[in-house]
Structure formats: structure tokens, C-alpha cells
Amino acid sequence: MYIAVKGGESAIKASRDLLAATRRGDLNLPAIGVAQVQEQMGLLVGRVMAEASLYDPELAALALVQAQGDAIEAAFLLRAYRSTLPRLAFSAPLNCDAMRPQRRISAIFKDLPGGQVLGPTYDYTQRLLDFGLLRGDAPAAVDQAPAPEQAQAVINNALESLSAQGLIEPALPPDGDPEPLDITRDPPRYPLPRCGRLQMLARADEGWVLGLAYSTQRGYAFTHPFAGDIRFGAVTVVLQPDELDFEIEVGEIELTECQMLNQFVGSEGAPPQFTRGYGLVFGHGERKAMAMSLLDRALRADEFGEQVSSPAQQQEFALPQGDSVEASGFVQHLKLPHYVTFESELQLIRQLRQERSDRQAAEQP
């Protein structure tokens, strides 16, 4: 069946050598280092970590260098490496309200409690090419060290006051606070609870999530979103080993969190109030976190008794197709030999054409 690939070992080795040479590029130019990618391509590194479900900026940068900047291939490499790691412990739930934000904004307050923290963002830049980068112009010096009184500053969530007034649904665990699913160990079974949906969205392809989220704003779901609280910063990771009766801080990770608000007119069991959509991703990924929160809210249609009529509201359409690794593999497997299947279909087409030709000849006067 696979005669065409017999004896192809030397060809495959040559192809891999050619790939390595292509990755290196012009030898007269300095090679891109992993540390450079980690420090200067932070947004791309964050995206790869999110889609791979592994927080390790250095390894994500390594995967990007190896994959020549292909984010999906890099996520595949990092996810494959993740599957080899032992699971030593479980962390306590992260307290994102205690985040030390580098950036925090809200679109629903004129005078935001705690103030807006613009931080590093493209929101206030002109979308014009900076030709100074071609010349290697150095950026202006910026003192990034926070003042002592701000070094450990924590900004409260912007939605707390509205939630206390009952104007926004409370952020509470489900009844009984059940153990959340782990989609990396147990295959998803639909319909998924919200914890499983959020896991799938967090590691879904950013372009897919963005497209579906955009569809909800284009009228393909009953949403009218407001950006309630968007923040990016460092969150402490805490473990409590079984043999100890106290928690241990093991480090920090950088996260982007987004809470979107949507109108809800109320029902017999709930008063009129704003409802929430939630997004959380590794690194600095506001677009992904915002899109995730929009899609999370759309997928809660059943919970609020809303009509389910759009793709973004249907779990079995919105969630499994968003896995970039599975989608890429299924599309790219078409490059493998399929000539036996094709030959059988080719014979069928020839037979159908002959039968059609014979039938037309018989019908001729």
C-alpha cells in the first residue's frame, strides 16, 4: 500500500537537514536566541503557553524558535513535552483579586476605584510601521521599577461594589463546590459544566475564539457586552503538601484576566441584573481573554433560559473545533498517502460516467 514511501529514510533525513538549514537562514546574520524571543516576543510566548497549557516562558520561546515562529506548531511541541511531565502536586486556587497588576482597565466607570493602570499596551499607538526599528534605534529609557509603596500594591476588583448591590450576579462556586474536571486527563463529555468549558477555551486557538466571539457581537447571539475589569499582572502560586498544615508560596506567574458584563432581564428565579463572562490566560493576552469571556457568556445561554440559535452558543461546535493541535493534525494528515482510497473513488467516478454515457446513448432517438 505504501510502496511510494519505501526506502524513504534517506530522503526524510535530508528533509530534516534542509529544515534545520532553512530555520537558521542566512549564516551572515546572527542567529535568534531563545532568550531574545522570550524577552522580545512576550505576547507570542504567552499565546503559545496558553494553547499548550504549560506555563514556562523559556520552553515556549524554545518551541517558537524550533517551529520558525509557527504558533500552532510551537504549541504542539510544548504540549507534547507537557505530556511527559509527572504531576507532583495540585496548587490552591489562584487569587486573582490579589494580583499585582501591571495593567488594569475598565470601560464602565468614569472614575474607576483604584484608578486606571494603562501599563504596556498598543491601544494608544498609531498603527504605523516604525522604520526606526530597521535602523536599530534604541527606545527611550523607562524606569520600570515601581515605587516602594507600589511594589506590593493590590487593586481591588472593579466589580465588587456593583456585586454588593446585587446589580451583578455574584461570582460563586456551583452548588456543593464539586471537584473541577481535568480535560487533560478525562475526555470531554457533552454537555460540559462551566469549569470544563473554561479549560477548553483557555487552551483553544486564539483565532478561533476571537472569530466566534466576534460573531456574538455581530448579532449571532443575544449579547451586549461591557468590559467590566481587565487586568494583567503577577499572581502567587500556592501549594499545601499533604504532610503540612500550612501553605507554601512556590512562585509567581503572569496572567491576564477579563470579566465582561452582559444584560439579563431576569426570570422567575433571578432578578434583572448583569451577568458575567470570564476569561483567563497565561501571559499578556488581552484579546484572547476578552474573546474567551464573550464566548463563555454565550455558552451560558441554557443557564439563563435564553434561546440557543447561534454557533457560539453550542458547546459541541464552539469547543472541540477550537483545539489548534487536533485541528492542525486532522487537516495536515491529508498530506499522507491516500492513493488507494483515491483510486477506488476514481474507479467509481469512471463507472458512473460510463453508466451516464450509456444511458444517454440509449435515450437517443
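**Backbone features, sheet and a buried serine**

At a relative accessibility of 45%, Q68 is partly exposed (between the limits for buried, under 20% relative accessible area, and exposed, over 50%, with a 1.4 Å probe and protein chains only). The model is predicted: local features need pLDDT of at least 70, side-chain atom pairs count only at pLDDT 80 or more, and totals for chains, interfaces and linings use all residues. Residues are numbered from 1 along each chain as its sequence is written, and side-chain values use heavy atoms, with hydrogens and water left out.

Q68 lies in the loop between α4 and α5 (71-82); helices (H or I, at least four residues) and strands (E, at least two) are DSSP runs numbered from the N terminus. The phi angle of Q68 is positive, near 55°, in a residue other than glycine. S53, also not a glycine, has a positive phi near 60°. The loop that holds S53 runs between α3 (42-52) and α4 (57-66). A further backbone feature concerns Y190 and P191, which are joined by a cis peptide bond with omega about 0°. P191 sits in the loop between α7 (160-164) and α8 (194-202).

Four strands make up an open antiparallel sheet in the order β1-β2-β3-β4, where two strands pair if DSSP finds at least two bridges between them. At the edges are β1 (100-105) and β4 (273-282), each of which pairs on one side only. From one strand to the next, the twist averages 20°; axes are lines fitted to C-alpha atoms, for helices over the stretch in contact, and angles run from 0 to 180 degrees between N-to-C directions. Helix α10 (residues 286-298) packs on this sheet and touches β1, β2 (226-239), β3 and β4, contact being heavy atoms within 4.5 Å. The direction of α10 makes about 140° with that of β4. Strand β3 (residues 248-264) runs antiparallel to β4 and is joined to β4 by 10 bridges. L261 has R276 in β4 as its bridge partner.

S324 belongs to helix α12 (residues 324-332). With a relative accessible area of 4%, S324 is buried. When neighbours within four places in sequence are left aside, S324 is in contact with E51, I72 and D205. The side chains of S324 and E51 also make a polar contact at 3.5 Å (a pair of N or O atoms within 3.5 Å; within protein, one must be able to donate a hydrogen and the other to accept it, and residues adjacent in sequence count only if both atoms are side-chain atoms).
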